[in-house]
Amino acid sequence: MKKRPYKLEILWDNGVLTETSITETEKELIEQYGRLFILAKYELEGDPETKPVSFQVWDKEDTPLFPIALEAVPV
């Protein structure tokens, strides 16, 4: 079983905030692919057209690892 030492927060364009625990591998994929990985991995039930506005990854001490500014999220 993989450890999940990180937390991902996603703010969707419909105003929903999603929080989920992620693994080291997922953290690295988010760092590399950003929104593309998030869209491939996570979706909102009942609202498949919604897109992430911003996202943030935190470590187990609640330290932000890489904040993604609104304008830094690829379209």
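**Strands, helices and core of a predicted chain**

Student: Which residue does Leu 8 stand opposite in S2?
Tutor: Leu 8 stands opposite Thr 20.

Student: OK. How many helices and strands in the chain?
Tutor: The chain has 2 helices and 3 strands. Along the sequence they follow the pattern β-β-α-α-β.

Student: What is the strand order in the sheet?
Tutor: The order is S2-S1-S3, in an open sheet with antiparallel pairing. Two strands pair if DSSP finds at least two bridges between them. S2 (17-22) and S3 are the edge strands, each pairing on one side only. From one strand to the next the twist averages 20 degrees.

Student: How many bridges join S1 to S2?
Tutor: There are 6 bridges between S1 and S2, which run antiparallel. Their hairpin has 4 residues between the strands, and Gly 15 takes a positive phi near 95 degrees there.

Student: And S1 with S3, how many bridges?
Tutor: S1 (residues 6-12) pairs with S3 over 6 bridges, again in the antiparallel sense. Glu 9 stands opposite Gln 56 in S3, and Ile 10 has Phe 55 as its bridge partner.

Student: Is S1 mostly covered or mostly open?
Tutor: Mostly covered: 5 of its 7 residues are buried. Buried means under 20% relative accessible area, exposed over 50%, and partly exposed in between (1.4 Å probe, protein chains only). For the chain of 75 residues, 33% count as buried.

Student: Which residues have the most contacts inside the largest nonpolar core?
Tutor: They are Leu 8, Ile 10, Ile 22, Ile 30, Ile 38, Tyr 42 and Val 57, in a core of 13 residues. S1, H2 and S3 each supply at least two residues of this core, and the largest share, 4 residues, comes from S1. A nonpolar core here is a set of buried Ala, Val, Leu, Ile, Met, Phe, Trp, Tyr and Cys residues joined through side-chain atoms within 4.5 Å.

Student: Now the helices. Which strands does H1 lie across?
Tutor: H1 (residues 24-33) lies across S1, S2 and S3, and runs at about 125 degrees to S2. Axes are lines fitted to C-alpha atoms, for helices over the stretch in contact, and angles run from 0 to 180 degrees between N-to-C directions.

Student: Glu 26 is in that helix. Does it count as buried or exposed?
Tutor: Glu 26 counts as buried because its relative accessibility is 8%.

Student: What joins the side chains of Glu 26 and Arg 4?
Tutor: A polar contact of 3.1 Å. That term means a pair of N or O atoms within 3.5 Å; within protein, one must be able to donate a hydrogen and the other to accept it, and residues adjacent in sequence count only if both atoms are side-chain atoms. Beyond four places in sequence, Glu 26 is also in contact with Ser 21, Phe 37, Lys 41 and Tyr 42.

Student: And Lys 27, buried or exposed?
Tutor: Lys 27, also found in helix H1, is buried, with a relative accessible area of 11%. Not counting residues up to four places away in sequence, Lys 27 touches Tyr 6, Ile 22, Val 57, Leu 65 and Phe 66.

Student: Where does Glu 43 lie?
Tutor: Glu 43 lies in the loop between helix H2 (35-41) and strand S3 (52-58). Glu 43 counts as exposed because its relative accessible area is 65%.

Key. Residues numbered from 1 in each chain as written. Predicted model: local features only at pLDDT ≥ 70, side-chain atom pairs only at ≥ 80, totals over all residues. Heavy atoms only, no water. Contact = heavy atoms within 4.5 Å.
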